[in-house]
Amino acid sequence: MGTLDELVLAIQDGDSAQASALARTALDEGAEVAALVERLSAGMREIGDRFASGEIFLPELMLAARAMQGAMGVLQPRLLESGAATVKRGVIVIGTVKGDVHEIGKDIAMTMLRAAGFEVHDLGRDVGALDFVRRAEEVRADVIGASALMTTTMPAQKELVDILVTKGLRDKYHVILGGAPVTPEWVEEAGADSWGEDAGKAVTVLEQAMSDRIASAGS
Amino acid sequence: MPHLKMWEIMERAAEGPYCEDDEFLYDLFLPKMKEVVRKYEIKFDPASPVPADDDLADRVWQAAVEFFLAVGVHNVDTHRRILISETELNEALYLAPEQHMVGAGQETRFWRPRRVEDERPPFCIFSPDITYDEDIFLQASMAYVQEPLADGVCGPILEESLGRNITSGTPSEMVGVMEHAMLLRNATKLVGRPGLFLVAVGTAQSDVGQVAASNNEWGVRSSDGRLIGVLTEMKTDNELLNKVAHCKQFGCAIGCLTGAIYGGYAGGAEGTAVLETAHHLVGLTVYQHNFNNSFPFHIQHTSNSGREMLWLVSLVQQALSRNSRILSTSNGFFNAGPGTEMLFREASAHAIASVVSGGDLWTAAPRHNKHRNYATPLEARLACEAGHAVARQRMPRAQANEIVGKLLAAYEDQIADAPAGKPFQECYEVMKVRPQAWYLDQYQAAKEELHALGVAFPY
């Protein structure tokens, strides 16, 4: 088994120290950094698929994501030096809305989005609508993701969209809503763009949204 | 009671060992859970959705105690761990009451802990666990309150008050919780059960909302109960502790609300069973609860009627019943909607598995607990009747395992794509607060199916 395969396995096993060490070894052996990152991302997508199918559970997913971050800490400087096009798919600001303290769904989505190559800024829980917008402006986000677990905190998702409209920023961001009580009907009523039915589907939806955005910018 | 004083808990919540979120998860929670599952040799057996292994149940208990004492409870506001010593836990277990008195007047109930395969019937709380439209809220509440086997009711949730959306932590919530409490109270009067034990109000998400609902005249009384959640997983915050402090001073019963997530931080069925048992220890010590409402659920299906879920639901109740006097209502979360054969089977399987294992019942949340108006009292009625029956006949776990296995065989392949069913308004004559004839026929057929499987209904 070559170093690259061992590295993918170390990430999938959630062994952060081993993943970082093998990333260094791979670079020392002359591996091409962009190809390396692409291969690791594919390995993480496989982990995400196994989580979505119930084959593995959240601890394995999170430890793998942590190991991936460790490896990327080694690879990122070399990637920047090389001038290779990054694999970043889009920038997302994500959080649980005001009044809601439930984070696990948002955290799973965040883990899978990072694994899929998105740059994710986590605002945590109990986040005010205006704070989402301010942070999105600050980091030049493409997407705002707002999660709510309670029916009585869902109105804060609409408040976020209303603020974007009021500030004339609505078209600047793709707004995705998630959380157990959220339905496609609510997404439409709130004026958002898409529904993150679960973490895996959120990744698919946002990959498509980013492709559409790039295509639309190019036309 | 009380063992630990409230201010001792509050001090630890503010001054316990400092611990940031990642440290709590990666350095404490995950490795300790892995360690205890391995050390106590806990292994899921798909052939036994209702296991009958006393030693396994005791090992789950031991694993939960070791996990709880080592990890503690994380206050996410202060980044402090609330730690309970082994002596304090043992003191709390020793002092846990032989009975709790809830409700008032003619509806007073003495709620006592049950044992595995106990012939005493379960304490039954009827609850739709979902939102209803404001204009049918009173009738829906009456439909639940009038159920003969209801020892208590947790009413529906309101999303609108006076036609306006309720938003947590705002004045709309203050108005909404008052409307909720008043309508539920009126429902008990109209049905002729004014003292019925109410667990309310679910509309109040915030601490101030809960405080606003406390009123012995028109609102939640000191003879009623409240639910206070533990955050995912083994976490709390100051707002939740505010609710605890208020309830202790107001004098109502505290129900600690816990739902360990299968496939989440605890991993599979084994870790989830240990975690959900440990959550009850959080309720006993940190929240100083009177009872626990336990709703472990599957991370993808958000239900607990699948094979692996019933195994862990049963095992948690056995671990608690064999080793403590902690009261635990086993809260059913199902996949199918009302008016379907599948929902009746799911609710019955969950009730039978819970009751022969020593649990009480809190039922039922159909259709993944997320669709407005999609719950009725009939699925809860059948579940509670089945629960009473298997208790009265002292059904052994092995027989329950066979029956639950047959019920599972009829629905488990539909879990991922369960039928949606019909809303309350199509299943009931709303203004007359009674089930439609076709719906009663469906319920009766489901009951006869259970009878043929060996459930000896008293009536």
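This is a predicted model: local features need pLDDT of at least 70, side-chain atom pairs count only at pLDDT 80 or more; totals for chains, interfaces and linings use all residues.
**Helix α4 of chain A**

Helix α4(A) is bent by about 40° at Leu75(A). A proline, Pro77(A), follows within four residues of that position. Just after the helix, Gly83(A) adopts a positive phi of about 70°.

The buried residues of α4(A) include Leu58(A), Pro59(A), Leu61(A), Ala64(A) and Ala65(A). Ala67(A), Met68(A), Gly70(A), Ala71(A) and Val74(A) are also among them, as is Leu75(A), the residue at which the bend is placed. An α-helix has 3.6 residues a turn, so residues three or four places apart point the same way. Within chain A, the buried residues of α4(A) pack against α1 (3-12), α2 (16-28), α3 (33-52) and α5 (104-115). They also pack against α2 (21-39) of chain B.

**Met154 of chain A**

Met154(A) lies in the loop between β3 (143-147) and α7 (155-166) of chain A. With 28 other C-beta atoms within 10 Å, Met154(A) is buried, because the cut-off for burial is 20 or more. Leaving aside neighbours within four places in sequence, Met154(A) is in contact with Ala148(A), Pro181(A), Val182(A) and Trp186(A). Met210(A) is 56 residues from Met154(A) in sequence, and the two are 25 Å apart in space, C-alpha to C-alpha.

**Chain B as a whole**

Chain B contains 15 helices and 19 strands. Its radius of gyration is 21 Å, close to the 23 Å that the globule rule gives for 459 residues, so chain B is as compact as a globular protein of that length. The C-alpha trace of chain B spans about 60 × 50 × 40 Å along its principal axes. Of the 459 residues in chain B, 62% are buried. Among contacts in chain B with a separation of 6 or more, 79% are between residues 24 or more positions apart.

**Strand pairing in chain B**

Strands of a sheet pair through backbone hydrogen bonds, either parallel or antiparallel.

| Strands | Sense | Bridges | Bridge partners |
|---|---|---|---|
| β5(B) and β17(B) | parallel | three | Ile125(B) and Trp362(B) |
| β16(B) and β17(B) | parallel | four | Ser330(B) and Leu361(B) |

The chain passes from β16(B) through helix α11 (residues 341-355) of chain B to β17(B), and this β-α-β crossover is right-handed. Strand β17 (residues 360-365) of chain B has six of its six residues buried, so it is largely enclosed by the rest of the structure. On β17(B), Leu361(B) is the bridge partner of Ser330(B), and Trp362(B) is that of Ile125(B). Strand β5 comprises residues 124-126 of chain B, and β16 comprises residues 328-333.

Notes: Residues are numbered from 1 along each chain as its sequence is written. Chains are lettered from A and ligands numbered from 1 in the order in which they are written. Helices (H or I, at least four residues) and strands (E, at least two) are DSSP runs, numbered from the N terminus. The radius of gyration is taken over C-alpha atoms; the globule rule is 2.2 Å times the number of residues to the power 0.38. A residue is buried if 20 or more other C-beta atoms lie within 10 Å of its own, exposed if 12 or fewer, and partly exposed in between; C-beta atoms are placed from the backbone. Two residues are in contact if their C-beta atoms, placed from the backbone, lie within 7 Å. Two strands pair if DSSP finds at least two bridges between them. A crossover is right-handed if, with the strands pointing away from the viewer, the path from the first strand over the helix to the second runs clockwise. The bend at a residue is the angle between axes fitted to the seven residues ending there and the seven starting there.
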